[in-house]
Amino acid sequence: MKSNRDWNSINSLEIFFHGLIMGTINKLPGISGGLYSIVIGFYDHLMNSIKNINNNTVKYLFLFELKKLNSSINGKFLFFLSIGMVISYFTTSKILDFFLLNYELYVWSIFFGLILGSLYVLIKRTNKTNIKKLLILFVGLCFGLLLSFSEPMLENRALVFVFFCGFISICGITIPGLSGSFILILLGNYELLLVDAVNSFFNLVANIFKNENYPVDSELIKILIVFFLGSALGLIILSKFLSFILKKYPIHLNHLIIGFIVGTLPIVWPWNKVELGEEFLTMFNNFYGLIFILASFIIIILLNNNANKKNIRSNR
């Protein structure tokens, strides 16, 4: 999971771009932004940056001591990554909504290929195994299958429950392979938190800066704030716990993640996502779906190979 790139010296635009992709991925059920960060190579850097957030961080922020803030938590990296993730919720995610509505099979085919490619990368990086680790893999597989075939709960607007949703759904970033959006679906609050609340906030921003008169639901704004607070706290707490696990049991965690990803593959199997009444699946539809799976799989492999080459060059 380690990368030899110095992410503090990486171009801000590249970090912002990765944030856009992570934010988009985190909104899609069955896909993990944390897994993307592993493939690209900044997962450890992200977790260590978040782990370093403490009381001094708040002090530096309020006193505008930006140099100390940047050095203590890799501030530039976290800032541009976070900005990219936030913006993606109001831009790229809306574009994806359009493609999911009109080209659902092809979009899910791409997602499925990306997950398969990420799974291949993880397996390739796991070169040590034994009976104990295979047992851990089996536990991850069983848990993934359990989530895949569980029935989702009904929508719940209670603020305590919304806070819990934020706290637990952030696992999509901190636990590679675990989809935070899918967890929200199981909890019954995916549409409430990632569609209705986000759109209401978007309308509020548009009303302020563009002098529009879009409808804004104040309850949804309050829900979004509570959800964000839960996510922020979950991110800080879970990153500290996972940094400890990654340091002490990295291979064990890898096996658990691989098992979990395999178990959750039924969630994003493209032909499970398209209802025959909505789209007539011809032979060409199926063929193009397979092509998109293969193409996105190859893209992940190429991205991983490119990241490995950069790591090799940085070691010379």
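A residue is taken as buried when its relative accessible area is under 20%. By this criterion, in the predicted model described here, buried residues account for 47% of the 316 residues in the protein. The secondary structure consists of 17 helices and zero strands. Of the contacts between residues at least 6 apart in sequence, 80% join residues at least 24 apart.

Helix H2, which spans residues 33–40, is mostly covered, with eight of its eight residues buried. These residues are Gly33, Gly34, Leu35, Tyr36, Ser37, Ile38, Val39 and Ile40. Ser37, located in helix H2, has a relative accessibility of 0% and therefore counts as buried. Setting aside residues up to four places away in sequence, Ser37 is in contact with Met22, Phe42 and Tyr43. The C-alpha atom of Ser37 is separated by 9.8 Å from that of Ile21, a residue 16 positions away along the chain. Helix H2 is followed by Gly41, for which phi is positive, near 110°.

Helix H2 packs against helix H8 (residues 104–125) at an angle of about 55°, and the two axes are 10 Å apart. The two helices are therefore oblique to each other, and H2 passes H8 in a left-handed crossing. On the H2 side the contact is made by Leu35, Ile38 and Val39, and on the H8 side by Ser118, Leu122 and Arg125. Classified by residue type, the contact of H2 with H8 comprises four nonpolar, one polar and one charged residues. Leu35, Ile38 and Val39, the contributors from H2, are also listed among the buried residues of that helix. Arg125, which belongs to helix H8, has a relative accessibility of 27% and so counts as partly exposed. Arg125 and Ile251 are 126 residues apart in sequence, and their C-alpha atoms are 9.4 Å apart in space.

The residues of the contact of H5 with H6 divide into three nonpolar, two polar and one charged.

The loop between H5 and H6 contains Asn74. Phi of Asn74 is near 55°, a positive value in a residue other than glycine. With a relative accessibility of 13%, Asn74 counts as buried. Phe64, in the loop between helix H4 (55–62) and H5, likewise has a positive phi, of about 55°, although Phe64 is not a glycine. Phe64 is exposed, with a relative accessible area of 67%.

Asn74 is also one of the residues touched by His45; the others, apart from residues up to four places away in sequence, are Trp7, Asn8 and Phe77. His45 is placed in helix H3 (residues 43–51) and is buried, with a relative accessible area of 17%. Between His45 and Trp7, which are 38 residues apart in sequence, the distance from C-alpha to C-alpha is 7.3 Å.

Helix H10 (residues 159–169) has Phe161, Val162, Cys165, Gly166 and Ser169 as its buried residues. Viewed down the axis of H10, these buried residues fall within an arc of 145°, so they line one face of the helix. In general, an α-helix has 3.6 residues a turn, so residues three or four places apart point the same way.

Asn189 is situated in the loop between helix H12 (180–187) and helix H13 (190–209), and its relative accessible area of 0% places Asn189 among the buried residues.

Methods
Residues are numbered from 1 along each chain as its sequence is written. This is a predicted model: local features need pLDDT of at least 70, side-chain atom pairs count only at pLDDT 80 or more; totals for chains, interfaces and linings use all residues. Side-chain values use heavy atoms; hydrogens and water are left out. Axes are lines fitted to C-alpha atoms, for helices over the stretch in contact, and angles run from 0 to 180 degrees between N-to-C directions. Helices (H or I, at least four residues) and strands (E, at least two) are DSSP runs, numbered from the N terminus. Angles under 35 degrees count as roughly parallel, over 145 as roughly antiparallel, 65 to 115 as roughly perpendicular and the rest as oblique. A crossing is left-handed if the near helix is turned anticlockwise from the far one by less than a right angle, and right-handed if clockwise. Contact means heavy atoms within 4.5 Å. Ala, Val, Leu, Ile, Met, Phe, Trp, Tyr, Cys and Pro count as nonpolar, Asp, Glu, Lys and Arg as charged, and the others, Gly among them, as polar. Buried means under 20% relative accessible area, exposed over 50%, partly exposed in between (1.4 Å probe, protein chains only). The arc is that of the directions from the helix axis to the C-beta atoms.
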